[in-house]
Each structure stands twice: as structure tokens, then as C-alpha cells.
Amino acid sequence: MSDDISSKVINIFQRHRRGEHFHFDMEEGGELIISPDGFNYVSIKHDHPASSEEGSLWEVASMKHYIVKMMEAHHEGNSIRLNNYYIPGDRLEEFLLSLPQRPGKILEIKQFIPDNMA
């Protein structure tokens, strides 16, 4: 997703939070939707051939890496630990699926592209 579209998506969410709209179309062929479990998302239709677009999106996604900061509370010692996980983009889904088995709660997720890949 280009930075321009990302900016517009963020703008849509900001406008929605201010109560300007509940459900509306975006000029890029997308729309703001509220999922059955109560999360908002913007869905954008791409008219490019699915096979070439999909490969390109996966390639870009796999180059991105993430730092996931989690707080692990230890009540018996009255202390906390901040665990910072380094997650390669191609293993993001695997990590997210493992969250219920990990101690602590997510505080922050930061995305970056490693220097050697830029």
C-alpha cells in the first residue's frame, strides 16, 4: 500500500472517530466497515490482476520487520519485564497466532525495514 493511500486511510479513521461519518466510500474504491466483532477497517478494491498484485504485496510485506513490545507482570516479586520481540515480516502471522501462549500484554508494535534491505 502506498504512503498516499495509508495517509488517506488514517484520515478516514480520524474523521470516523470525530463522528463525521459511520460508513462511507473512499475515492480509491474502498469503504470504511465495522466488522461483526466491533473493529473498524478500510477495505480497498484493487483492479490489478490478482496474481501479479498478490506476489508484489507479499514481497513488500516480507521485507518489513516488527518489534513487538510486551509487558510481563510478576505480582509475587512486584515487578515487570518488558519483552521486545524481533519479528521478520514473513513470520508475523506465526507470531500473532502464538500470542495466547506468550506471557504478558502487547504495549506496542513498530514496523521497520532493516538497513540491509533498504
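Visitor: What pattern does the protein chain follow when read along the sequence?
Guide: This is a predicted model, and the secondary structure of its protein chain comes to 3 helices and 5 strands. Read along the sequence, these elements give the pattern α-β-β-α-β-β-α-β.

Visitor: In which helix is confidence lowest in the protein chain?
Guide: The mean pLDDT of the protein chain is 80, and 66% of its residues reach 70 or more. Confidence is highest in α3, with a mean of 96, while the lowest mean, 66, belongs to residues 3-17, that is, to helix α1. Where pLDDT is low, the predicted coordinates should not be read in detail. With that caution in mind, the name asked for is helix α1.

Visitor: Which residue forms an aromatic pair with tyrosine 85, and is tyrosine 85 buried or exposed?
Guide: The structure holds 2 aromatic pairs, and in one of them the ring of tyrosine 85 has a partner at 5.1 Å centre to centre, tilted with 50 degrees between the planes. Tyrosine 85 lies in strand β4 (residues 79-88) and its partner in helix α3 (residues 92-98), so the pair ties together parts that are 10 residues apart in sequence. Both residues of this pair are buried, and the partner is phenylalanine 95.

Visitor: How many residues apart in sequence are the parts that tyrosine 86 and phenylalanine 112 tie together?
Guide: The ring centres of tyrosine 86 and phenylalanine 112 are 5.9 Å apart with their planes at 50 degrees, so this pair is tilted. Tyrosine 86 is partly exposed at 47% relative accessibility, and phenylalanine 112 is partly exposed as well, at 28%. Because tyrosine 86 lies in strand β4 and phenylalanine 112 in strand β5 (residues 105-112), the parts tied together are apart in sequence by 26 residues.

Visitor: What accessible area do the residues of the nonpolar patch on the surface have together?
Guide: The protein chain exposes about 9100 Å², of which carbon and sulfur atoms supply 53%. The patch is formed by Met71, Ile80, Leu82 and Leu107, and isoleucine 80 among them lies in strand β4. Together these residues have an accessible area of about 350 Å².

Visitor: Among contacts between residues at least 6 apart in sequence, what share joins residues at least 24 apart?
Guide: The protein chain has 118 residues, of which 21% count as buried. Among its contacts between residues at least 6 apart in sequence, the share that joins residues at least 24 apart is 43%.

Key
Residues numbered from 1 in each chain as written. Predicted model: local features only at pLDDT ≥ 70, side-chain atom pairs only at ≥ 80, totals over all residues. Heavy atoms only, no water. Phe/Tyr/Trp six-rings, centres within 6.5 Å; stacked < 30°, edge-to-face > 60°. Helix = DSSP H or I, 4+ residues; strand = E, 2+ residues; numbered from the N terminus. Buried < 20%, exposed > 50% of the residue type's maximum accessible area, 1.4 Å probe, protein only. Contact = heavy atoms within 4.5 Å. Areas by Shrake-Rupley, 256 points an atom, 1.4 Å probe, with all protein chains shown as cover. pLDDT = per-residue confidence, 0-100. Patch = residues over 30% accessible without salt bridge, like charges linked within 9 Å, V, L, I, M, F, W, Y side chains within 5 Å. Salt bridge = Lys/Arg side-chain N within 4 Å of Asp/Glu carboxyl O.
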